[in-house]
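This briefing is meant to be read beside the sequence and the model. It begins with strand pairing and then turns to aromatic rings, nonpolar cores and salt bridges.

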Amino acid sequence: MGDRVGEDMRRRKEDVPVRNRDVAASNGLRWKLCCSSKSIVVKASSQTLKVNGFSVDAAAKFHASNTDNGVLSLAQCERRADSRSSDLSILSTGDDEGGGTGMKKLDHFYDGKLAEDGLTFRQNFIIRSYEIDRDRRTFFESMMNFSQEVNINHLKRSGLMASDFGVTSEMRRRNLIWVHSRMQATVDCYPSWGDIIQAENQISLLKNSMRFVCLFTDGKTGNARAQASSFVVMINKHTRKLSKLIDAARAELEPFCGQYDPILDKSCGKLQKLEEGQADYIRRGLMPEWSDLDVNQHVNNVKFIGWILEGTPAPIRRSHDLCAITVEYRKECGIEKKLESLSAATNRGGMCYDFDHLLRLEDGTEIARAKTAWRPKGA
C-alpha cells in the first residue's frame, strides 16, 4: 500500500501533461488555467483584465507566486505591445531544470529598455507601501531615488558601467567616480500607492560634467508627473579631489549621449548662502546612519534632500506640498557627523512659499545649499 502511494506521488510530481481548470479572476471573469510542472497559461477573451486591482492588457506576461485554490498572486508583469494575442502567459515559481526560478526567461516590465537608437532609456516603477506618506502619496525622496536608479540603469543597459554607480572602464582604470554637484526637480502631481509611473531618461555631456534629464509620466494616462535634472562630476575616489571629465571617458560615453535642451529652468543661477542670522528655523542634531552611506563611501545625495526638508517648519510640511527644489552639493558627508538644517521663508503671494536652505556641519562647514517651492495641498 505504501509503495503504491509513493509511486502515485512520484508520478504526480513528474506530471508534465497539461491539466485544465477554471479560475475566478478578480474582475469576475472565468479564466481557463492550463497547468504543467513548469508553467501556467491563462487565457481570456477580454483584451483588458483587472488583476489584483491593476488594469492590464491581456497580452502580457506575469509572474504568479501562488496559484493554490484558484488565487493568482501577481508580482511582476511585462506589457507586450507588439502582441495582438489575448493570452496571458504566467510563469510559476518552480525551479527550472537549470536551477533557476523561471523568471530569467522574462524581460521584466520593470527592467527598462533603450529606445531611440540607445539615446533614451525607459523604465517603469510601481509605488509601494513603504514609499508613501500619510496621505498615501509618494515621498519626494522616493521620486529622487527613482531618478537615481534610472540614471544608473541607463548607463548599465548601454554597456558602459564597469563598476558601481555608472563608472566606466576608463574611469575605473584611473580611480575616478561620479558624484552629484547639482540637482533640480519639479513635481506636477505626486503618484499614489499602487500607481505605475514611467521614467524616460536622457544623457548629455557638458564641458566637465554629465547631465541626466528624467521625465516621469503616468503609466496609464501618459500625463506628466515630475521632472528631474541631475549633474554629476568626477572625483578621485582615493584623494576625493575634483577631476576634469577625461577624454577617454568622454569617448566611451559620447555614442550614448545627445545634446538635449534642459527640461527645467536654470534661471535661478548660483544659490546664495543662507546665513544663520537670516534663518527663520534651524533643525539641529541631525546625524547620518550607516544605512545612509552608498557605495561611494559617503552619504547618498537623496539623504541630503531629506535633511533639507527636515529644516522646513512642520506647519508648512503639514499643509503644503513640495513642488520644486534645487540643490547644490558643496561637500561630501561621512558617518559620525552632526548636522544642522537652516531655512528662511519668502511668501510668493497667496498661500505659496519659497524657502532658502543651508545644510551644514555643527562646526559651520557648508554641506549643501538649496531652494524649495511649496504649494497648498490639493492646489
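Strands S13 and S14 (residues 224–236) run antiparallel and are joined by eight bridges, where two strands pair if DSSP finds at least two bridges between them. Helices (H or I, at least four residues) and strands (E, at least two) are DSSP runs, numbered from the N terminus. The model is a predicted one, in which local features need pLDDT of at least 70 and side-chain atom pairs count only at pLDDT 80 or more, while totals for chains, interfaces and linings use all residues. Residues are numbered from 1 along each chain as its sequence is written, and side-chain values use heavy atoms, with hydrogens and water left out.

**Strands around S13**

- Strand S13 (residues 210–218) is mostly covered, eight of its nine residues being buried, where buried means under 20% relative accessible area, exposed over 50% and partly exposed in between (1.4 Å probe, protein chains only).
- Towards S14, Met210 has Val232 as its bridge partner, and the hairpin of these two strands has five residues between them, with Gly222 taking a positive phi near 85°.
- Strand S12 (residues 196–205) pairs with S13 in the antiparallel sense over nine bridges; Ile203 stands opposite Phe212, and four residues lie between the two strands of this hairpin.

- Ser147 lies in helix H2 and is buried, with a relative accessible area of 3%.
- Leaving aside neighbours within four places in sequence, Ser147 is in contact (heavy atoms within 4.5 Å) with Cys214, Phe216, Ala228 and Ser230.
- Asp164, in the loop between helix H2 (140–157) and helix H3 (169–173), is partly exposed at a relative accessible area of 45%.

**Aromatic rings**

- The whole structure holds three aromatic pairs, counted when the ring centres of Phe, Tyr and Trp (its six-membered ring) lie within 6.5 Å, with planes under 30 degrees apart called stacked, over 60 edge-to-face and the rest tilted.
- Phe125 and Phe146 form a stacked pair, because their ring centres are 4.6 Å apart and their planes lie at 20°.
- This pair links distant parts of the chain, Phe125 being in strand S10 (residues 120–126) and Phe146 in helix H2, 21 residues apart.
- Phe304, Trp307 and Tyr329 form one aromatic cluster.

**Nonpolar cores**

- A nonpolar core is a set of buried Ala, Val, Leu, Ile, Met, Phe, Trp, Tyr and Cys residues joined through side-chain atoms within 4.5 Å; the largest has 41 residues, and those with the most contacts inside it are Phe140, Met144, Phe304, Ile305 and Val327.
- Helix H5 (residues 301–310) gives the largest share of this core, six residues.
- Apart from it lies another core of 21 residues, among them Leu155, Met171, Leu205 and Cys257.

**Salt bridges**

- The count comes to 23 salt bridges, each a side-chain nitrogen of Lys or Arg within 4 Å of a carboxyl oxygen of Asp or Glu.
- Arg137 and Asp321 meet in a salt bridge at 2.6 Å, N to O, which links the loop between S10 and H2 to strand S17 (residues 320–329) across 184 residues.
- Asp321 also forms a salt bridge with Lys377, the closest N and O atoms being 3.1 Å apart; Asp321 is buried at 6% relative accessibility, whereas Lys377 is partly exposed at 31%.
- Arg182, Glu328, Arg330, Glu366 and Arg369 are linked in a network of salt bridges, and within it the side chains of Arg330 and Glu366 meet at 3.9 Å, N to O.
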